[in-house]
Amino acid sequence: QWGLHTDWLGKNVVHKESTPSTQQIAHQLARDHASHGTVVIADEQTAGKGRLNREWHSAKNKGIWTSLILRPAILPYLAPQITLLTATVLADVFKKELNLDPKIKWPNDIMINDRKVAGILTEMQAEQDQIQYIIIGIGINVNQEMNELPEDIQQKATSLRATSEKEYDITSLIQRIFVHFEKVYAEYETYGFPIIKERWESYGYRLGERTTIKTMKETSEAVLVGIAEDGALLAQYDNDSIKKVYSGEIDWFPN
Ligand code: BT5
């Protein structure tokens with residue numbers, strides 16, 4: 001059905017017409033020893049998840065709602081690299097194959113015209129220094145018209161169709177993404193994080209700009225300069241010191 005021309009990603013696909021969340025199913029499969037590259041795809045999610053218990057709207061046949069089970073041989077603290085890698089894969093496909101102009105907003109959003117078109121949710125199961133598995137959840141708004149997006153996010157969300165006035169074939173878009181994912185993953189295995197970092201930064205949203213950074217402890221201003229090996233955002237302060245930003249939410253739209 002999926003006609004995937006891949007070596008390992010999506011060789012095993014679990015497809016659901018409707019499910020609360022593909023993440024849940026992927027966790028279950030991973031616990032039951034599903035292999036590296038097993039994929040869950042849903043036409044609709046009734047309780048799609050974002051980060052920090054937020055909701056992800058996943059309307060039927062309007063987007064790509066998928067979870068990938070990966071078993072990378074890296075240390076757990078480097079797992080965010082896989083999120084960054086995934087973001088570059090989506091950005092590449094949107095840019096090079098669909099001729100759109102995507103940006104990656106740290107840590108996990110793909111933006112087009114300052115609006116979120118896709119999000120990534122990474123969940124990991126690790127024991128001591130070993131990753132048992134990582135689940136990469138990918139949500140992409142594909143064929144929604146602007147007025148079909150939920151009202152509460154219309155101001156900040158978009159879809160591929162709303163930005164390009166084209167409809168896309170969801171299955172063939174999934175194929176392109178998986179094929180490209182495999183290619184980039186192989187490059188990552190061969191050359192390591194530097195090539196991901198370089199690409200990520202070429203798409204980085206508001207890199208080089210002065211931004212308000214709000215962490216739990218303090219609010220400060222700094223210029224965003226890039227990403228670190230552990231997935232942190234690098235912020236340069238007026239005294240030229242560079243700090244890593246982790247859990248802090250960045251206030252991306254100061255008025
Ligand atoms: C994310 O969270 O961006 C991660 C989204 C991951 C979704 C995929 S779909 C397949 C897999 N199965 C799941 O259950 N999840 C994954 P976060 O950065 O926390 O963004 C969530 C916020 O984005 C929400 O609080 C809304 O404000 C907004 N939002 C919700 N649905 C959206 C949508 N369809 N498009 C754009 N923004 C949305």
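Residues are numbered from 1 along each chain as its sequence is written. Because the model is predicted, local features need pLDDT of at least 70 and side-chain atom pairs count only at pLDDT 80 or more, while totals for chains, interfaces and linings use all residues.

The domain assignment divides the chain into domain 1 (13-203) and domain 2 (210-251); such bounds come from an automatic or database assignment. Between the C-alpha centres of domain 1 and domain 2 the distance is 24 Å. Contact joins 12 residues of domain 1 to 6 residues of domain 2, two residues being in contact if their C-beta atoms, placed from the backbone, lie within 7 Å. On the side of domain 1 that touches domain 2, H2 and H5 each supply at least two residues. The residues of that side comprise 8 nonpolar, 2 polar and 2 charged. Here Ala, Val, Leu, Ile, Met, Phe, Trp, Tyr, Cys and Pro count as nonpolar, Asp, Glu, Lys and Arg as charged, and the others, Gly among them, as polar. Helices (H or I, at least four residues) and strands (E, at least two) are DSSP runs numbered from the N terminus.

The largest nonpolar core holds 60 residues, of which Ile69, Ala87, Leu90, Ile110, Ile136 and Ile177 touch the most other members. Helix H2 (residues 80-97) gives the largest share of this core, 9 residues. At least three residues of the core come from each of domain 1 and domain 2. A nonpolar core is a set of buried Ala, Val, Leu, Ile, Met, Phe, Trp, Tyr and Cys residues joined through C-beta atoms within 7 Å. A residue is buried if 20 or more other C-beta atoms lie within 10 Å of its own, exposed if 12 or fewer, and partly exposed in between, with C-beta atoms placed from the backbone. Leaving out residues up to four places away in sequence, Ile136 touches Ser67, Leu68, Leu70, Ile82, Thr86, Ile120 and Thr122.

In helix H4 (residues 170-191), the 22 residues should span 32 Å at 1.5 Å a residue, and the end C-alpha atoms are 31 Å apart, which agrees; the expected span is 1.5 Å times one less than the number of residues. Leu173, Ile174, Ile177, Phe178, Phe181, Tyr185 and Tyr188 are the buried residues of H4. They lie on the same side of H4 because they cover an arc of only 130° around the axis, the arc being that of the directions from the helix axis to the C-beta atoms. The face turned away from this buried side carries the exposed residues Ser172, Ala186, Thr190 and Tyr191. Among the elements covering the buried residues of H4 are strand S2 (39-45), strand S3 (63-70), H2 and helix H5 (193-203). Gly192, which follows H4, has a positive phi, near 85°.

Helix H1 (residues 22-31) has Thr22, Gln23, Ile25, Ala26, Leu29 and Ala30 buried. Their arc around the axis is only 160°, which puts them on the same side of H1. Gln28 and Arg31 are exposed on the other side. Strand S1 (13-19), S2, S3, strand S6 (115-127) and strand S7 (130-141) pack against the buried residues of H1.

Lys62 is in the loop between S2 and S3. Lys62 counts as buried because it has 21 C-beta neighbours inside 10 Å. Not counting residues up to four places away in sequence, Lys62 touches Val142, Asn143, Gln144 and Glu148.
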